[in-house]
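Have the sequence and the 3D view open while reading.

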Amino acid sequence: MRFSGLKVLAQGLTGNRGWRPHWRDPAPKPEYDIVIIGGGGHGLATAFYLAKEHGLTNVAVLEKGYLGGGNVGRNTTIVRANYGLPGNSEFYSHSLKLWEGMEQELNFNTMMSQRGILNLCHSDGQRDAFARRGNAMRNQGDDAELLTPEQVRDKVPYLDFDNGRFPIYGGLWHARGGTARHDAVAWGYARGADQRGVDLIQNCEVAGIDIEAGRVTGVQTTRGEIRAKKVGIVVAGRSGQVAGLAGMRLPIESHVLQAFVSEGLKPCIDNVISFGMGHFYISQSDKGGLVFGGDLDFYASYAARGNLPMQEHVMEAAMTLMPMIGKARVLRSWGGIMDMSTDGSPIIDKTGIEGLYLNCGWCYGGFKAVPGSGFSFAHLIAQDRHHDPAAQFRLDRFSTGRGIMDEEGTGAQHNLH
Ligand SMILES: Cc1cc2nc3c(=O)[nH]c(=O)nc-3n(C[C@H](O)[C@H](O)[C@H](O)COP(=O)(O)OP(=O)(O)OC[C@H]3O[C@@H](n4cnc5c(N)ncnc54)[C@H](O)[C@@H]3O)c2cc1C
């Protein structure tokens, strides 16, 4: 089924009775060439690009819950390419380009909206750091503009510019950044993979990884044993647990990140605003809800829910930056489990076990990475060599100390990145 404006109109006029399910619900086969563990954004994009770019379709994605039920459907949907370090810079740049062509590539409305991202600065030092970052972004070929306080005021006049503690010194503007509809991205990749013959198997938890003579041979699941020549682990917050099934210990801790949405309001915030100093960022969804969040809850946990002190902290930061937000009512809040690496950068690599591949460590920034990660991970699995833009996401950097990509300069503490 192809989507088009005409089709939507025709279905709307005929009671929407002609839509068909977007993907099949196949029973698992006894054997596949490639098994992907995890049906989040990264797993589904990997399966899609394995089929599309490499012609590999004897592939299964095994998801313990339902597609899109993990972080890919829980995030605050920000898409950007504003990284400063070599290694990250080229990867996120490639990923943003894939975002820009995604709706055509998938024939699916992912509601990609390049409404621009504004990172505010509140001291001379922070402005200098943003100038450096902006230069790195431009060197990479992406857009960045350092704004004066007056230019910021023109864009977002409702902020508290003269706040005693956090006066606004300016901002870094990234016009090609923005938001996309999170679960539509999962659905779009799922549909595209399914159309090319990939089996998407839901309610299928991987409980064991079979290894013989140093080589992966398959997985044990709640729906039986599945043999596979190659297995990719892409389970975000559960990375430590699933890698543990293969006897691996990862440099990853799982932490909770919360987000909030207000009641629907008339359009009032037309870009993404980030207040890093106070731990707060916000955008407005197409439905009108203010979507916002802050920092991690600061303790390791596998519970996909957060605590009240962090909610209070986020609300305080919101009131500090934009006092007018106090009039809005919070509709709901939720949490997701973040796979925090010690340097804040991800891992896309082979493991010490032949045929077993690893994709994790996305911290709280893996939504924007979905297309780039899927593309690069598919390349690695299909060709057994790294895809250039992701070539520095090596696992051994944590044991050798070489190639560490500490974007924020916070040192080796998971919950500070
Ligand atoms: C509140 C919040 C806000 C965020 N905001 C942003 C943002 O604005 N921008 C951004 O870029 N990123 C953001 N992120 C981060 C981003 O959502 C994640 O980094 C990214 O979604 C993780 O990759 P994924 O989509 O593959 O993960 P997931 O969707 O979590 O996919 C992993 C899947 O693996 C499955 N799984 C786990 N164990 C097993 C098993 N044993 N067997 C089978 N399946 C298994 C899970 O059920 C899950 O569906 C945010 C995250 C949260 C929680």
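Arg127 and Asp124 form a salt bridge, with their closest N and O atoms 2.7 Å apart; the term stands for a side-chain nitrogen of Lys or Arg within 4 Å of a carboxyl oxygen of Asp or Glu. The model is predicted, so local features need pLDDT of at least 70 and side-chain atom pairs count only at pLDDT 80 or more, while totals for chains, interfaces and linings use all residues. Residues are numbered from 1 along each chain as its sequence is written, and side-chain values use heavy atoms, with hydrogens and water left out.

**Salt bridge within a helix**

- Arg127 and Asp124 are 3 residues apart in helix H4 (residues 124-139), and so are separated by about one helical turn.
- Helices (H or I, at least four residues) and strands (E, at least two) are DSSP runs, numbered from the N terminus.
- Arg127 has a relative accessible area of 29% and is therefore partly exposed; Asp124 is partly exposed at 44%.
- For these labels, buried means under 20% relative accessible area, exposed means over 50%, and partly exposed lies in between (1.4 Å probe, protein chains only).

- The structure holds 16 salt bridges.
- One of them joins Lys229 to Asp33, with the closest N and O atoms 2.9 Å apart.
- This pair links distant parts of the chain, since Lys229 is in strand S11 (residues 224-233) and Asp33 in strand S1 (residues 31-37), 196 residues apart.
- Lys229 is partly exposed, at 44% relative accessibility, and Asp33 is partly exposed at 27%.
- Asp286 and Arg115 also meet in a salt bridge, at 3.2 Å from N to O.
- Asp286 lies in the loop between strand S14 (280-284) and strand S15 (289-300), and Arg115 in the loop between helix H3 (88-106) and strand S4 (117-121), so the pair ties together parts 171 residues apart in sequence.

**Strand S15 and its neighbours**

- S15 is mostly covered, with 9 of its 12 residues buried.
- S15 pairs with strand S12 (residues 252-264) in the antiparallel sense over 6 bridges; two strands pair if DSSP finds at least two bridges between them.
- S14 and S15 also run antiparallel, joined by 4 bridges.
- Gly293 in S15 is the bridge partner of Ala259 and also of Tyr281.
- The hairpin of S14 and S15 has 4 residues between the strands, and Gly288 there takes a positive phi near 110°.

**The second largest pocket**

- The second largest pocket has a volume of about 570 Å³, which is the space filled by probe spheres set on grid points joined across faces, edges and corners.
- A pocket is an open set of points on a 1 Å grid over the protein atoms alone, where a 1.4 Å probe fits, with protein on both sides within 12 Å along at least five of seven lines; lining residues have an atom within 4 Å of a point.
- Of the 27 residues that line the second largest pocket, Arg181, His182, Ser285, Lys287 and Val291 are the closest to its centre.
- Helix H6 (182-195), S12, S14, S15 and strand S16 (330-341) each supply at least two residues of this lining, and S12 gives the most, with 4 residues.
- The lining divides into 6 nonpolar, 13 polar and 8 charged residues, where Ala, Val, Leu, Ile, Met, Phe, Trp, Tyr, Cys and Pro count as nonpolar, Asp, Glu, Lys and Arg as charged, and the others, Gly among them, as polar.
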